[in-house]
Amino acid sequence: MKFLAILLGLATTLSLASPLSAQEHPLDPLTQPEIETAVAVLKREGKLDDKARLPTMVLDEPPKAQVLAFKPGDPVPRQAFVVILDRSQSKVYEAVVDVAAGKLVSYKQVPGVQPGILVDEFVFPQDLVRADARWQAAMKKRGITNFSDVQIDVWAPGILSQAEVAEGRRICRCLSFYRGGATNPYARPIEGVIATVDMNNEKVLEVIDLGVVPVVDHPSDFDEKSNAPLREAPKALSITQPQGESFTIKGNQISWQNWQFRVGMDPREGLVMHDLRYNDKGKLRPVAYRLSLAEMVVPYGDPAENWTWRNAFDLGEYGVGRLANSLVKGADLPPNAVTRDSVFVDDYGKAYVQPAAYGIYERDAGILWKHFDFDSGHDETRRARELVLGFVATVGNYDYAFWWILGQDGSISVEGELTGIMLAKGVKQATVTDSALEKTGRMVAPHIVAPNHQHFFGYRLDMDIDGTGNTVVELNNQSLSELGQRKNAFGVVPTVLATEQDARRDMNFASARKWNVINPTSKNAYDTPHGYLLVPKENAIPYMDANNPIRQRARFLDHHLWVTRYVPGELHPAGLYPNQGRGGEGLPRWSGTESIDNQDVVIWYNFGVTHNPRPEEWPVMPHHKTGFTILPNGFFGRNPAMDLPNSAPPPADRPPAGK
Ligand SMILES: [Cu+2]
């Protein structure tokens, strides 16, 4: 996690170059002055001492009705939600501060929970472990005497022992990698050595050494020099917008090609889309109130004692938003991108700016629609343009890019890119000498096995199609061979998901299952309800046993789709505190028997990538793209992009037809 220290070092030393202007909207993220007010109020009320840390300080979003009733010029309700970790007493508190009035609204202790890992906690356990005689002995056994050559990564503890549960400690587990002068320490795991640290008492509780697996030097570095000779770079490809971008940004509101929405960067969820509307011939129609990545979990499938506990809840335990890279144009983003800074809060309540924390750009997206008329030679083609918004988070060895993509055809897509370095296991063997070696993973380099694992992404989609009263209809295709002679007929069978319980649903390949979110009271010219269709792509089911404590904590993965009634504060499908959690929090608790027919509903869509590693994914994996789409389905009544001007040059300027 050295990178994190560097990243934060960089971020915290920057002055607030461009503080956001005064708040205009109830959903704007907290500003530096608001953060300062919240901290001052907590101090004044005696709620923050020197040992207290702030794992969370975010905007306490007002209830939806209040936000929807808001008109520009109205007083803006502004509250901060704060989680306080009192390290001296190992207690956790939640506070709400009205930052407009400078008042403490609420303050309560929350027993039996642990917030995610603090920024400091990525750093100080490293020194504790390096100074520990048991860990030093384990290193010496492996011929390592210069301890600063060892990189130590701090992980949330995953599965706890009975003693650890009973003691109620706040703990982390530390993995060791031999960095030396290498750029890729993850290629040199110091296998079998795990240190457990009590973070509130700053003590190494235990060092486990399961026996020496030699740390073998082999070429796995990823810098240019280590991979020479380099191939010739392809010829320059210019991406320019000489007339500037086609979107406009006003505060946190963005407009582009009939779309209008607000954005906010959340330290836990990353880039959140708010109040998404489509300008349909002058009428600003609501589509979604809030769209967010809500949780992730990455379970590993290796049965070795030092691997079974490894499961990353990348939002609840680490916070992908605050792990956002400062994006680089020409690398992370195309040169025509616009980058935006974000204001976050450090462990001590100090605001800092993360420069270029997210990016916005337009990209060419192939053909949007086309038809060439053979008889007349008439050709109409519309080139697709997409608006892409997102960020890139590095969580230890892995790197994730998360994008929201809006189309000119009214489509909304989620694209995730998985890259970075697979978590590797050191083995004694240099080749696959026995099949057991690849039973739960794949040898990707001599002495390196990358264990099978899965990446699960939980998205929270608060859709509001033409208003808050929405219904979710499941669509299943089935053969209708009783119709006609040739037994070719098939059709879609719609089923209303009437209650929260009915709306715990799974993928079905056989019926090409999709879910339609409709407004039953808002209909198109053919008297069918306006709707948006959730179309899954890649997905997975978790292979971990249902009783495994991690699986219990990730019960949102019991189903690919859940629908619940909108309730303010229900944002995180594994609960607010998955770290060291007892399980069962979040969606399983919220999904009851309430009616969700023509109600304000929230759609929870979970999808997974089952990662069976390939040697071609070593030492750094080429991006794996995944995601899903949400398409207008009767929302417009016809192709909303018919009004785009023709992209093709006039016939006289075209090359001869290729007949
Ligand atoms: Cu993976």
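Predicted model: local features only at pLDDT ≥ 70, side-chain atom pairs only at ≥ 80, totals over all residues.
**A colleague's note on the copper site and its surroundings**

1. The four donor atoms around the copper ion subtend angles of 97 to 136 degrees, which makes the arrangement irregular. Residues are numbered from 1 along each chain as its sequence is written, and side-chain values use heavy atoms, leaving out hydrogens and water.

2. The donors are Tyr398 (OH), His453 (NE2), His455 (NE2) and His611 (ND1), at 1.9 to 2.0 Å from the copper ion. Donors here are N, O and S atoms within 2.8 Å of the metal (3.2 Å for Na, K and Ca); water is not among the atoms, so sites may look incomplete. Along the chain their spacing reads Y-x54-H-x1-H-x155-H.

3. Both His453 and His455 are buried (under 20% relative accessible area, 1.4 Å probe, protein chains only). Across the chain, 55% of the 659 residues are buried.

4. Leaving aside neighbours within four places in sequence, Leu461 has contacts that include Arg290, Trp404, Val602 and Phe628 (contact: heavy atoms within 4.5 Å).

5. As for overall shape, the C-alpha atoms fill a box of roughly 80 × 65 × 55 Å along the principal axes. Residues 24 or more positions apart account for 66% of the contacts with a separation of 6 or more.

Technical notes
Tetrahedral: all angles 85-135°; square planar, octahedral: opposite > 155°, others 65-115°. Buried < 20%, exposed > 50% of the residue type's maximum accessible area, 1.4 Å probe, protein only.
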